[in-house]
Each structure stands twice: as structure tokens, then as C-alpha cells.
Amino acid sequence: TGTDSCAFFVLCPCQGSLADTKNTNLTMSVIIAISAFADRGKTSAITALAKRFPMRDVEYFNYEGERLDGPDVGKILCRAKCDINGVEKTIGFSSEGDNAWHVNQALSILTDHSAKVLDVMVVACRTQKDSTYAISDFAKANRCGLIWTANYFGTDSEDNKTPVLSNGLDLNGMFAEDMVSLIKRLLR
């Protein structure tokens with residue numbers, strides 16, 4: 001309704017179960033797929049999340065696989081380390097998911113062509129294109145858990161897209177805060 005926002009979480013354990021992570025260390029990789037139609041703010045939401053997540057030793061890339069000194073303008077593709085309860089974990093973020101090529105490139109680059117296992121990867125995709133199949137196929141082939149969700153998206157009273165509601169609530173900031181909490185719980 002109006003300015004309310006919501007997210008949905010659907011867990012698809014491709015092999016194994018995330019339910020067992022409550023009191024134990026994560027034993028498999030998890031992909032969090034941020035799925036939405038075109039121009040719904042996936043890139044800006046994932047970029048905000050990557051900026052907010054406490055990371056170190058960040059490695060930035062472009063979608064051709066070249067290393068960068070910092071984030072690419074207007075998007076993010078990075079892999080980093082983080083410490084959760086004194087245990088080192090590896091996380092990756094990809095904000096481009098318009099088609100299967102972007103998703104496949106991101107997953108290949110983040111995992112160093114399957115040579116590295118990341119604990120959590122946050123990857124953008126469209127809702128009705130081949131990018132969703134690319135994520136599902138990778139998750140199945142690599143025995144990853146898979147969580148499908150969407151970023152928070154808002155419009156003003158004139159139906160203009162906006163990441164900030166009239167009451168000042170920053171939807172990207174709220175999404176990032178909620179996702180940081182989810183990711184930290186997954187990594188415990």
C-alpha cells in the first residue's frame with residue numbers, strides 16, 4: 001500500500017539445508033539473488049549493501065574480469081573477507097544481472113573460475129530473463145544454498161521511482177541494513 005515496502009525470502013536449498021546453520025558454522029556457500037524487473041534499483045541497493053557491509057581486503061573487478069582499484073562507476077563487483085565471531089569468511093557482491101552473461105561472468109569472477117569458495121554471494125538478476133536460470137544452474141552445479149529476494153523499491157505520489165520516501169526513509173539504506181543482518185546470521 002502506498003509507501004509500504006516489503007521483501008520476500010524463499011529458501012531453495014539445492015543440496016543440503018540452511019536450517020542447520022542456527023548453531024553451527026556455515027558448511028556450504030549461499031547465493032542471495034536480488035531479483036526484480038528492469039529499473040527497480042537492484043544495482044543501487046546492492047551497491048549500498050556492499051558499502052555498508054564490514055569488509056576487508058576487498059578485491060574489485062569489472063565484468064570483463066579485470067582488477068580495479070575501486071568500485072566500477074555506478075556498479076559493484078567485488079570479493080572480500082570479513083570476520084564473524086573471530087572466524088574469517090569470504091563474501092562477494094555483484095550488482096549487474098540484466099542477463100545470463102552478467103550473472104555467469106560475476107559468479108565466475110567472484111569464485112576465480114570455481115577455484116575459490118565464497119561463503120555468501122549477493123547477486124542481482126532480472127525476474128523474467130535467463131539470469132535467474134544462470135543463478136539456479138550455478139547453485140545446483142556448485143551445491144550452493146539459494147535465497148531469492150527483492151530489494152525495496154518505492155514510488156512517490158506521482159508514481160515516480162524513488163529510493164527515498166516522502167517521510168525521508170532511505171529504502172536502499174533500510175534494505176542494506178536488513179541484508180547485513182541476514183548475511184551475518186547466515187555466516188554465524
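Cysteine 82 is buried, because its relative accessibility is 2%; buried means under 20% relative accessible area, exposed over 50%, and partly exposed in between (1.4 Å probe, protein chains only). Two further residues are also buried, as the table shows.

| Residue | Relative accessible area | Class |
|---|---|---|
| Cysteine 82 | 2% | buried |
| Cysteine 125 | 0% | buried |
| Lysine 89 | 5% | buried |

This is a predicted model, in which local features need pLDDT of at least 70 and side-chain atom pairs count only at pLDDT 80 or more, while totals for chains, interfaces and linings use all residues. Residues are numbered from 1 along each chain as its sequence is written, and side-chain values use heavy atoms, without hydrogens and water.

The structure holds 0 disulfides (pairs of cysteine sulfur atoms within 2.5 Å).

The largest nonpolar core has 29 residues. Such a core is a set of buried Ala, Val, Leu, Ile, Met, Phe, Trp, Tyr and Cys residues joined through side-chain atoms within 4.5 Å. Among those with the most contacts inside it are Ile32, Leu49 and Phe93. At least two core residues come from each of β2 (30-36), α1 (42-52), β5 (77-84), β6 (87-94), β7 (120-126) and α4 (171-187). Helices (H or I, at least four residues) and strands (E, at least two) are DSSP runs, numbered from the N terminus. Helix α4 gives the most, with 8 residues. A second, separate core has 22 residues, including Ile31 and Met121.

Lysine 89 lies in strand β6. Its C-alpha atom is separated by 9.7 Å from that of arginine 188, 99 residues apart along the chain.
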